[in-house]
Amino acid sequence: MVLILALPPAALSGQQAQSTSSPSSRYQAPVISDTGDLKGPRQPIFFRHDVHAGEDQIPCMYCHYSAAVSSEPGIPSLQTCIGCHQVVGGGSRRGLKGDTTAARAERAQVQLLRNAWRERQPPEWIRVHALPGFVRFPHMRHIKGLSTRQGVEANATCATCHGDVKHMTQVEQVSTLRMGWCVHCHMQNTVTRDCSVCHY
Amino acid sequence: MTDSIDRRRFLKVLGVTSAGAAAVSACGIGPEPTERLIPYLVQPEDQIPGTATYYATTCRECAAGCGVRVRVREGRAVKLEGNPDSPINRGRLCARGQAALQGLYNPDRIAHPMVRNASGKFEDIDWDGALQRVTAKVREAQGKGIVFLTGAEQSTFGDLVDEWMKQVGGRRMSYEAFGFEALRAGNRMAFGTATLPTYDFANAKYVLSFGADFLDTWLSPVEFQNGFSRAHAFDAGRPASMAKFTYVGPRLSLTGMNADEWIAPKPGSEGLLALAMAQVIMSQHLARVPADASKLVSVLAAHTPRAVAQVIGIDEATIARLAREFARSGGGLAVAGGMATQAANGAEIVAAVNILNYVVGAVGTLVKFGADLGVGATNTFADLATLTSEMTNGRVALLFVYGTNPAHSLPGAFQQALGKVAFKVSFSSYMDETAAACDLILPDHHPLEQWGDSRPRAGVIGLQQPVVQPVFGTQPTGDVILKLSGRTGTFQDYLQAKWRARHGANFDQYWMDSLAKGGVYGEAPTRPVRLATTAGNFSTTFAEVPSWGGDGDQTVVVFPHPALHDGRGANKPWLQELPDPVSKIAWHSWVEVHPDTAAKWGLATGDFLLLQSKFGGQKFPAWITPSVRPDVLAVPTGQGHSAYGRYAKDRSANAFELLGGQATVYGGRSFIVRATASKTGEHQRRIATIEGNARDLGMGTTEVLPLARAKALHPGDHPFHFEETPEYAKDAVEWWAERQHEKAELGNYKGEQPRWGLAIDLSKCTGCSACVTACYAENNIATVGEELTERRREMAWLRLERYWRVDEHDNLQGAVNQPMLCQQCGNAPCEPVCPVYAAYHTPDGLNGQVYNRCVGTRYCSNNCPYKVRYFNWYNYAEKDGKYEAFPEPLSMLLNPDVTVREKGVMEKCTFCVQRIRGAQNQARLENRNVRDGDIVTACQQTCPSDAIVFGDLNDRNSRVFELAGNPRGYHVLAGLNTKPAITYLARVVAQDTPGNG
């Protein structure tokens, strides 16, 4: 088994930018005892973006590695998950104390992942952000355009449409993803509103 | 009454319920979250989601061995494109090559091994069980005759079969329905070598074809088309010139209709014409004749134009003129082949044409021996006839069939003989006629799923690599044979070992380079040939037109269908729906009848004719056309399958049924037979043709220039008359133009924008229709089937319109082909009539079509003068729907960058807008502008003759800008003031006053 720990250049620079904040000011993902109140669809594995992207500050494009170079952001392969979770068993992050129910629950979720890897059965994630078949949304163009315009690093642009995923315990859709919403942004940024840019 | 629930209230309740459900799951916005995202276990290294990866491999649809690049998206092969590194096809591909994908994802593929059970039905069997059976049968049959029959297979796989057959005491044979026996025998007769040379069309200054259909089915069509269009196109860039092309043959094929002049001698007399021309050239010293040709003087003396004119039906003066033109061009190239020469005296016709080439010095310069085309090494038809009789006499106990379907192309004799073979094994991945008659089927991987190579000619080895995971539970036959012969390892290992033996040093690098390039591309040295002593030994019967033997008063020519070929293309809906380039008929077969003959018989297009030869009878609907000699009937092969899947089975008639199984003196098959023709009284309401369709304008939208006039053109000339805006309309047009101008200053339309345009050179276009199939593949165009094609509901965004070209005596001389597609008008009639703004003008000058806005009024189509808009009458993507176009797994080849349209939506050519946007995205990522040549439309990419050029008309340095300003350029229906973005360059014809025999 090869441990994949090398970061793509874009992701690396993102991590460096973020690691300047002091450890004390670091976001700490909450301990969840009841998932019933959480928004967004329930996923086959209780994968927490607030732990990975928020608390551990893993840049978005470490996993969604093709977002800045391709139209599709890419769903990470199981190999990417297991690259860390071979070693990281879960349930030992700062907010969790010892062998509590919460810690065991988190470990159980990592175990689900390991089982999936062992049985070569990838989990079937529920799609949160879906566009109709007649719409093209090139991720790379938006990341490039937003980061240039806002003068921020590529990983910081995702939230524009996907919301504050870093602090979402369970990912939900916050933007309507309807055409009016798209066009509104295109107007504000004075970029093209030609139909054939998205519809073909 | 109070309990009743009205419709309005019912909907209200329903609304609340669904909103509640949504609130639980996804805040009530957007689509229901039911889509699943299944991640990879391990991400493939070389694939980025949403971005295509290209793999080089080799096309195996025919023996030409073109290199292809396969576009793979998320593990699916979605498009084939020519490999620019390949010296054969130079990055181009034909319609058949494009359609290889539909072989890969064919819904009628055999998914796992099958065995015939006691009751004669096929049942599934596992691979181990199947292999055990074969092993037992091989042991049983040893010494009793084992034969392994392949198609043209010059490859490492073929070598493996040879080794295995040696091991078990069997032998391998190869069979192609359209072999080149006459060509081989004719070369042996003239030059003492039975090999096949290459032909340098690109450097010819005069092309003369004696029935050789080198643009569609003869030897290496893409290569020849590319070369031919270089020679034959009129290029104003250099000193204007073009090679004249004269076609000699009883009917106009796709190749023939590109001729500048058509000579139609009596079938079978072509050789006499060639000899008479050679006689004129020698006696009048028109060319620098090689010294050893003098020994032909006495033979040629018997073939003066005067002596043969009567027999071949061409007058003396024409023969002499052709000889002069051919010799004086200083680069005459004559080719012979095709069905017209595949009859009793075929070899002699080829030998005669060889002599003609020899006396003008074309042999060694334009006809180059040494390449030894691989297809020339297949067994002859005579060998197959021998095999058939051996099978009939029980001398073959075990037969393996791979990559060929003789039960279809030899329906009588071979099919019966198959029954006499104790055990038959097929490796076919489709239930074709031969597989259906076998006892065991071990389905092979598709060539796109497996390792392999092919040696189409000396010096060139095309490498073949798996580009996708296997779609079904098939196994590569190479692996199977290795297992059967008791060896370890896979065929991939075997292939690599063979390559390593050829190239030991630094092999890994060599292998990787070859994989990336698609093969090893070298050129074999030209081998000089001299006239053989047999060169002039023409038989006594050669001086007469053959009687073809048999009864019947009609001469019937059976010719290969350009797309379906010997029938192997019939299971691919793209090829079925592709109208034949000449007849424009799709989905069924036909018989070509001259109008004079039809008038005599009282025959209308669509009436069925029963053709009865002494070998068999078949019914075909008549297509009445001036493109065939009055004393000849012509029928294509390809249809009439009794098996071979849903698209091929029980469709029209099999023309092979008319042919005999006897070999000719030179070991070939005769494709000309005598037959009787009788009307059956049946009539097909409409034959599925797009000729004469309301879409096919027939308004003379093509422009033709005689060579002399084209040469005299200067930049800025406008040789074509088009209707001026009438006086009364001028005010209105000006007013409209001003309003348009004002609008062009608003919003997105402000500032500098590209204007995408296309230039199509009709002098290069041959009508081969590769672009049509490429367009289907790129743009997810639905095939609608025979019934809807008859009802004019085909969806071809790009169609080829074929217009006959006649001389001043009204004699047919050929055709002009015009690709017709959305003209992306600057002043589009479709746009203002759309009530919902689905048809609109984009800032970059396209006529946009927004599918999700379209409500299907079809006003735009009514208002389109070019008739290039297509309406979805049904939901062709509907699973299990009546007109489903993409049944599983055919849907896997859908291009993910293009919307699959639904019922009720209008669609049309988009100029491959997905490719435009893709190139723009890429350029933006690289902080640059789109460069000329970045965007290549699918039609342009595949065009073997480089007739189509795409680019920005507002870029003064672009190729398309230059071509749009060419004096040969014109717009179709320019008088309508539509301002199209497509510039057609007029066809130039090399002969001002052709005479016809």
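Reader: In which strand is B:Ile948 found?
Author: B:Ile948 is found in strand S35 of chain B. Please keep in mind that this is a predicted model.

Reader: Is B:Ile948 buried or exposed there?
Author: B:Ile948 counts as buried, because it has 25 C-beta neighbours inside 10 Å, and 20 or more is the cut-off for that class.

Reader: Which residues is it in contact with, leaving aside neighbours within four places in sequence?
Author: B:Ile948 is in contact with B:Leu758, B:Ile760, B:Cys771, B:Cys939, B:Gln940 and B:Cys943.

Reader: And how far apart in space are B:Ile948 and B:Val161?
Author: From C-alpha to C-alpha, they are 43 Å apart, and 787 residues separate them in sequence.

Reader: Back to S35. What is the order of the strands in its sheet?
Author: The order is S35-S28-S37-S36 in chain B. These 4 strands form an open sheet with mixed pairing.

Reader: Which strands stand at the edges?
Author: Strand S35 (948–952) and strand S36 (969–970) of chain B do. Each has a single partner strand, so one side of each is left without a neighbour in the sheet.

Reader: In what sense do S36(B) and S37(B) pair?
Author: They pair in the antiparallel sense over 2 bridges, with S37(B) covering residues 982–985. B:Tyr970 has B:Tyr984 as its bridge partner in S37(B).

Reader: Let us change topic. Which domains does the assignment give for chain B?
Author: The domain assignment gives domain 1 (114–174 + 377–457 + 460–521), domain 2 (182–372), domain 3 (547–683) and domain 4 (704–989). The centres of domain 1 and domain 2 of chain B, taken over C-alpha atoms, are separated by 38 Å.

Reader: I noticed helix H17 of chain B. How many of its residues are buried?
Author: In helix H17 (residues 477–484) of chain B, 6 of the 8 residues are buried, so this helix is largely enclosed by the rest of the structure. The buried residues are B:Thr477, B:Gly478, B:Asp479, B:Val480, B:Ile481 and B:Leu482.

Reader: What do the buried residues of H17(B) pack against?
Author: They pack against helix H4 (127–141), helix H5 (156–168), strand S15 (398–402) and helix H18 (491–502) of chain B. H17(B) is followed by B:Gly486, which has a positive phi, near 75 degrees.

Reader: How many residues of S15(B) are buried?
Author: In S15(B), 5 of its 5 residues are buried. B:Leu398, B:Phe400 and B:Tyr402 point one way from the strand, while B:Leu399 and B:Val401 point the other way.

Reader: Which strands pair with S15(B)?
Author: Strand S7 (residues 146–150) of chain B pairs with S15(B) in the parallel sense over 5 bridges, and B:Val147 stands opposite B:Leu399. Strand S16 (residues 423–426) of chain B also runs parallel to S15(B), joined by 4 bridges. In that pairing, B:Phe400 stands opposite B:Val425.

Reader: What is between S23(B) and S24(B)?
Author: There are 4 residues between them, and the two strands form a hairpin. They run antiparallel and are joined by 5 bridges. B:Leu609 stands opposite B:Phe620 in S24(B), and also opposite B:Lys679 in S26(B).

Reader: Now the other chain. How many residues does each chain bring to the contact?
Author: The contact takes 40 residues from chain B and 40 residues from chain A. On the side of chain B that touches chain A, the largest share, 6 residues, comes from H27(B). That side divides into 22 nonpolar, 14 polar and 4 charged residues.

Reader: Which strand of chain A is joined to S1(B)?
Author: Strand S1 (residues 125–126) of chain A is joined to S1(B) by 2 bridges, and the two run antiparallel. The bridge partner of A:Trp125 in S1(B) is B:Leu37.

Reader: Lastly, what is the mean pLDDT of chain B?
Author: The mean pLDDT of chain B is 91, and 94% of its residues reach 70 or more. Over residues 1–31 of chain B, however, pLDDT stays under 50, and over residues 992–997 of chain B the pLDDT is below 50. Where pLDDT is low, the predicted coordinates should not be read in detail.

Reader: What ipTM does the predictor give the complex?
Author: The predictor gives the complex an ipTM of 0.88 and a pTM of 0.92.

Technical notes:
Residues numbered from 1 in each chain as written. Chains lettered and ligands numbered in written order. Predicted model: local features only at pLDDT ≥ 70, side-chain atom pairs only at ≥ 80, totals over all residues. Pairing = 2+ DSSP bridges. Contact = placed C-beta atoms within 7 Å. Nonpolar A, V, L, I, M, F, W, Y, C, P; charged D, E, K, R; others polar. Buried ≥ 20, exposed ≤ 12 C-beta atoms within 10 Å, placed from the backbone. Domains from an automatic or database assignment. pLDDT = per-residue confidence, 0-100.
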